[in-house]
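This report sets out selected features of the structure shown below. Please keep the sequence and the coordinates at hand while reading.

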Amino acid sequence: MNIAQVIENHPASDIALVGEGESVTYGELQQRASALRTALRARGIGAGDRVLVIGENEIEFVLATIAVLGIGAHVAPIRSRNPLPEVQRKAAAIDPQLVLMAATAAWVTEHSEHVVGADFAMVAELESGPYSENRASEVLSPVYDGDLDDLAFLLLTSGVSGDAKVAMLSHGNLNWVQSLLSENEAVGLTSDDVALCILPLTHIFGLNVILLTTLRVGGTVVLEAEFSVDESLRLIGEQKVTTISGVPRVWQAFVESDAPADTFANVRQLASGAAELPGTLFAAFQERFGAELAEGYGLTETSPIVTWSRGIKTKPGSVGHPVPGVEVILVEDDGTAVEPGDAGEIVIRSPGVFKGYLDDPELTSTVLTEDGWFWTGDVGVFDADGYLYLVDRIKDIIIVSGFNVYPSEVESILLSHPKVQGAIVVGTPHARTGEAVVAHISGEATVEELEEHCRANLSRYKWPSEYRLVDELPVSATGKPLRRVLR
Amino acid sequence: MGLGGDFHFEPAPDIPGSDMLSKIIMSALRRTLDLLWDVEVTGRDNVPHHGGAIIAPNHLSFCDSMFVPSALPRRMWAIGKGEYMDDWKTKHLFPALGMIPVDRGGGEAAQAALDTAATVLDAEHLFLIYPEGTRSRSEYLHKGRTGVARLAARCDVPVVPVGHIGTLAIQPPTGVMMHINKPCTIRFGEPMAVSDFGSPDDPRVIRRFTDELMFAIAELSDQTYVHQYASKDDRPGVLAPSAPAVTKPGAPSPKVSVPKGRKVIDRSDTLRIKEPDSSNSDRIIDLRTPSAETPGIIDSKLHETTSQPN
């Protein structure tokens, strides 16, 4: 089997992709992918090779991904808006046989001698070369027929600190999540669905949930190259979008815009992920558009779906129920399940759990057990109805005089001060209390104002013992604050 | 010094226990305690004079259930073991002290206890619950059970944190005798409302409230806090390994394997006191409020004896 086959068995004239003002039918997509497979094979790339695919949400990027999977090679996708040092670092972590660039990544060719890679090619170059006539050929080149355990994606999951983690996901991992989504009645995906793809296709959610699953059911994927409310509004109306997935920042932008109240009237599914959706934003969105945002939880290492709110009542603040087929247990450090209602580390077993980190069995052995349990490092708690709530990262918990302090709680209080722009809270060793809370703050607030604000809103053991006022806080490529940089 | 202050006796004919006997016994008990022990009560005004409220003390000795009720300005109730009702010595005395017998063991008993408590609170009376769930054999203050928070949310009543010091010396767990003339301090803290912490439907809110309640109690009782439930296998200064949670039949296995290469973050330092390091004290804002006595500070006993769960 090969997940590149998701584009097969659909009416040839149905629209598969919309992007950059053009549409690609399933028939065209199959032919172009076939031609690209032939060109890649002629270039000496085959099963088991690693291909760094650089692009944005663009048709060439989708084509490259599907073609590379189709010859049994592994796709390591990264964004073309990465600065050169990031591209260099990521290429070094992958050590690819080929660096394959979509149109937006053309700039990389000028630096190819400084980027690790045995060979470099533009997608357009391969499509226009000696095999270009294949683009219209009715006879398709064969798709590599591999095993479920064969690797499909090599996904970079780290931020800026240099410790690249490359998660290995197999065709079986991805296939399982796709079947779950495409066959589940509560999700109810059909070939009539039109997915607006705002999230980057270089991340597991964009790749597997939005792109590959929508193609699998024969629906249409509308690629939005760079999110803006105006562009989204245009695409939602023009393309009759039925499903949208986004991050809280996206929903916030819609709430703050002058988008009409019936913007999402024909959208069946609105999903939020990547960061906790504040209860106020959930309510504001519902009030503004009369639509509910459903939250879910997942990680690159789980392909990614772990929980969702499909087919159940949405509870603000919760990421929903574990999906069928996923075992989720909350445990103490020694693997013992916590008592009902208590918080513990989220540990997962499912057919979506990844194959480990590339070339790093040592790192893999810190999170994965031989019997298939993946220790996420996230702390969560179930309510009596089986809804999961996320608390914080286990490594970030600060213990002050024996009491647990969750940085996210302190950060949210600090951020509620009107003069605070950003806040990152970490622990530091303290002679008397074991650890103490240190707040890094950007914005205009003074230490006195911050102290007063915390004293009014937090219990004493949660008060920062030190405030560091900074101009800028470290954030990851996806905009998440990076606590580990400040620890 | 002394229990002092007014004591308001609330008749409650619908709740188990004779009003008449209770009135006599409470009055006698208050006088006896005042006479035999050096009792000091602070923060008594923090106990609401009207309406339902949960009284949440630390639990060290059997006699806590005499000293705390006697220090309150109002009559109160609590759950007690059903077997006391089989003993002629206790079957009238304990209900008169506010004990409502509930047979222990099993989920049904827990539900019955919760329903009983709700009845008392809905009738606008005080109800006492030890949030640690059992007497602390380690002498530390343990992680709180979330039942207090859930009950407070269900009945929409405040929770009064209570810290007491001295009952362990008055009645050590090894003996039945009570040693007279010893001091006992009972401190009532400011009432806390679950609704101030967020929606009680969110289990994180319930846990946050519970942790902060335990922090308030730790400040009042001067105890060292340990984020582990009290166990009957704890010994003074020594924590028993945490037992696997009891799960329903058919539920996933209560224990999963641990990744071989996993490094458990050594947080043992957080359970130890070290001499204050003057070299970095200038950059640390003192966590203590000027008036408090060093609450939250780790007892020096702990680092010699603490055993962390595996």
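## Chain B: content and basis of the model

How many helices and strands are there in chain B? Chain B has eight helices and nine strands, where helices (H or I, at least four residues) and strands (E, at least two) are DSSP runs, numbered from the N terminus. The model is predicted: local features need pLDDT of at least 70, side-chain atom pairs count only at pLDDT 80 or more, and totals for chains, interfaces and linings use all residues. Residues are numbered from 1 along each chain as its sequence is written, while chains are lettered from A and ligands numbered from 1 in the order in which they are written.

Of the 310 residues in chain B, 39% are buried. A residue is buried if 20 or more other C-beta atoms lie within 10 Å of its own, exposed if 12 or fewer, and partly exposed in between, with C-beta atoms placed from the backbone. For contacts in chain B between residues at least 6 apart in sequence, 75% link residues at least 24 apart; two residues are in contact if their C-beta atoms, placed from the backbone, lie within 7 Å.

Helix H2 (residues 64–71) of chain B has seven of its eight residues buried, so it is largely enclosed by the rest of the structure. The buried residues of H2(B) are Asp64(B), Ser65(B), Phe67(B), Val68(B), Pro69(B), Ser70(B) and Ala71(B).

Most residues other than glycine have a negative phi, and most peptide bonds are trans. Glu124(B), however, has a positive phi near 70 degrees; this residue lies in the loop between helix H4 (106–122) and strand S5 (126–128) of chain B. Glu124(B) is partly exposed, with 15 other C-beta atoms within 10 Å. Asp222(B), which is not a glycine, has a positive phi of about 60 degrees and occupies the loop between helix H7 (203–221) and strand S9 (225–226) of chain B. Asp222(B) is partly exposed, with 19 C-beta neighbours inside 10 Å.

## Chain A: overall form

Chain A contains 13 helices and 25 strands. Its radius of gyration is 23 Å, close to the 23 Å that the globule rule gives for 487 residues, so chain A is as compact as a globular protein of that length. This radius is taken over C-alpha atoms, and the globule rule is 2.2 Å times the number of residues to the power 0.38. The C-alpha trace of chain A spans about 75 × 50 × 45 Å along its principal axes, and buried residues make up 53% of the chain.

## Local features of chain A

Helix H1 (residues 26–42) and helix H2 (residues 59–70) of chain A pack at an angle of about 60 degrees, with their axes 9 Å apart. The contact involves Arg32(A), Ala33(A), Leu36(A), Arg37(A) and Leu40(A) of H1(A) together with Leu63(A), Ile66(A), Ala67(A), Val68(A) and Gly70(A) of H2(A).

Ser303(A) and Pro304(A) are joined by a cis peptide bond, with omega about -10 degrees. Pro304(A) sits in the loop between strand S14 (297–298) and strand S15 (305–308) of chain A.

Val331(A), in strand S17 (residues 327–331) of chain A, is buried, with 20 C-beta neighbours inside 10 Å. Its C-alpha atom is separated by 4.8 Å from that of Gly344(A), 13 residues apart along the chain. Leaving aside neighbours within four places in sequence, the contacts of Val331(A) include Val347(A) and, in the other chain, Val256(B).

Technical notes. Axes fitted to C-alpha atoms, helices over the stretch in contact; angles between N-to-C directions.
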